[in-house]
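Hello,

I am passing this structure on to you, with some notes on what turned up in it. Have a look at it first, and then read on below.

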Amino acid sequence: MSPAVPLACKVYTPSALASAIVRALGDAPTAQWLEPSVGRGAFVEALALRGVSRSRIRAIDIDRMQQPADRSACTLRGRDFFAWARRTDERFDRIVGNPPFVAFDALTPFLRRSASRAPVPSFARITAGGNYWHAFLCVSLALLKPGGSIGFVLPAAWEYADYGRELRSGVRRHFSSLEVHRCQQPLFDSAKDGSVVVIARGYAAAAAPKHVMHGVHRTRESLIHALNQQRPTNTDVRLISCAARGVEGRRVGDLLRIGIGAVTGDATYFLLTEERRNELQLPRTSVRPVLTKAKQLTASIMNKATWEKLLEGGQRIWLFRPSELNKEHPAVKKYLRLSRQNGGCDRSAFKVRMRAPWYRAHIPCRCDAFLSGMSQSGPWLCLNQMKGLIATNTLYIVSFREQMSLRERCALALTLQTSSVSDQLVDRRRVYPQGLIKFEPRDLLDVRVDVPERVVGARATYAQVTRRLIDRDIAGARELADRWYALAMASHAHRDRVKSCRHP
Ligand SMILES: C[S@@+](CC[C@H](N)C(=O)[O-])C[C@H]1O[C@@H](n2cnc3c(N)ncnc32)[C@H](O)[C@@H]1O
């Protein structure tokens with residue numbers, strides 16, 4: 001008796017999609033193919049239709065129920081792929097499949113143990129909090145020959161799941177080309193979850209040029225069409241971001257400066273709510289509007305109205321920083337003289353002690369945007385449109401090196417949210433408990449971007465993207481940013497083509 005796997009994992013690949021994935025990988029006269037969870041055999045049928053002989057296809061499924069397609073491959077039924085992988089000497093040139101999407105916790109102890117003991121490549125690790133698809137992919141890679149290719153249907157979690165981080169990064173580093181195709185429609189008739197198709201070619205190829213491509217397709221048909229073309233079409237594909245990694249585009253550090261916000265030395269004394277300011281009767285001229293934590297980054301653009309909502313919400317949004325002129329104001333004078341026991345400043349604090357005068361925290365001279373170093377959604381720019389607004393050192397402060405309109409700034413901020421940027425960042429982030437992700441400014445500054453010159457719709461789209469980031473819909477935010485970017489780049493390319501036709 002084969003151990004039970006949850007029924008929910010039995011979602012079968014539509015034959016047109018299986019056929020397009022097989023086609024995208026391409027065959028070679030002696031290539032050996034593997035389907036590690038063959039199900040009803042959509043991939044095997046596609047291979048047979050392309051003339052791949054039975055002897056060149058190994059197919060496995062834990063399910064004993066025979067299927068007509070089994071005859072077209074060397075099929076092992078009632079066999080756990082992981083137990084088989086531990087013992088086999090077989091190695092493959094092409095591996096295709098749609099492995100089960102099942103949380104590790106939902107598996108029987110037998111299946112969990114079996115998967116965690118199977119061979120994996122050095123860059124991947126099967127972890128208890130992971131998912132079965134991840135284990136299938138890790139172990140498949142251990143069976144892939146150098147130069148080999150894979151074509152997998154995976155859940156959208158491929159792009160962001162923490163347990164998949166090492167694997168994602170390994171796939172990017174160990175294949176000469178990687179394509180990730182996402183679809184705005186479900187890929188399966190029977191399941192509504194988002195999925196992606198990952199095509200990676202040239203495994204462990206020495207000194208191979210890196211080619212990474214992300215495609216977002218409106219419909220399943222357009223995704224299949226793009227795979228069948230073996231390259232993205234420009235009709236229906238909403239994103240084409242092809243980048244020879246680390247080669248194209250400008251360094252973000254040439255476009256932005258990132259520094260830390262104002263250091264108060266005693267936050268309790270210097271940072272005030274509106275209520276506290278009123279209670280102390282401090283004049284508005286003695287305080288400066290300030291942002292003091294990541295949660296206050298509530299929109300793509302921080303303007304007076306947005307900041308005032310924080311003020312009305314009782315947040316600490318004032319920095320006490322009296323000038324020479326208003327330090328003689330009675331309420332200011334009183335607050336400056338207040339003893340520590342009665343709510344006065346801790347004047348012994350290092351940062352307070354070191355500056356003169358002690359009550360004037362150093363503030364950055366330009367503050368075009370704010371950035372949180374700690375976030376679950378990766379770094380994003382909150383553009384500053386409020387005169388005099390600064391941030392404390394719980395946030396980073398950004399200034400643009402070049403003169404840019406608000407729309408151009410939104411375009412750059414949107415570009416930073418595209419998949420090609422998050423791909424570059426994924427290896428650099430540090431993940432803390434509870435999934436908090438930390439980035440250092442240099443992580444972002446070293447990223448390369450190609451900012452579109454055509455920036456139509458950038459402001460509205462960036463507002464939507466940041467709303468999704470704030471709501472933790474990271475995949476949705478990525479998708480919107482990718483779509484906008486693709487259209488911006490495509491219309492840019494179109495304009496160039498028209499220009500060159502007019503001026504040959
Ligand atoms: C999502 S279905 C996909 C089937 C097929 N690859 C397709 O694309 O249509 C997943 C398949 O994985 C099989 N499966 C689950 N656990 C397995 C295991 N440990 N070893 C081999 N097959 C397994 C299930 O029986 C099911 O047929």
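Strand 13 (residues 287-291) and strand 15 (residues 318-320) pair in the antiparallel sense, joined by three bridges. Two strands are taken to pair if DSSP finds at least two bridges between them. Helices (H or I, at least four residues) and strands (E, at least two) are DSSP runs, numbered from the N terminus. Within this pair, R288 stands opposite L319 in strand 15.

Both strands belong to an open sheet of four strands, in the order 12-15-13-19 and with mixed pairing. Its edges are strand 12 (271-272) and strand 19 (390-391), each of which pairs on one side only. Helix 10 (residues 304-312) packs on this sheet and touches strand 13 and strand 15, its direction making about 95° with that of strand 13. Contact here means heavy atoms within 4.5 Å. Axes are lines fitted to C-alpha atoms, for helices over the stretch in contact, and angles run from 0 to 180 degrees between N-to-C directions.

A word on provenance: this is a predicted model, so local features need pLDDT of at least 70 and side-chain atom pairs count only at pLDDT 80 or more, while totals for chains, interfaces and linings use all residues. Residues are numbered from 1 along each chain as its sequence is written, and side-chain values use heavy atoms, with hydrogens and water left out.

Next, the helix pair. The axes of helix 1 (residues 15-25) and helix 2 (residues 42-49) come within 8 Å and cross at roughly 55°. That makes helix 1 oblique to helix 2 (under 35 degrees counts as roughly parallel, over 145 as roughly antiparallel, 65 to 115 as roughly perpendicular, and the rest as oblique). On the helix 1 side the contact is made by A18, S19, I21 and V22, and on the helix 2 side by A42, F43, A46 and L47.

Then there is S176, which sits in strand 6 (residues 175-183). Its relative accessibility is 18%, so S176 counts as buried (under 20% relative accessible area; exposed is over 50% and partly exposed is in between, with a 1.4 Å probe and protein chains only).

Finally, the overall picture: the protein has 17 helices and 23 strands, and 54% of its 504 residues count as buried.

Best wishes
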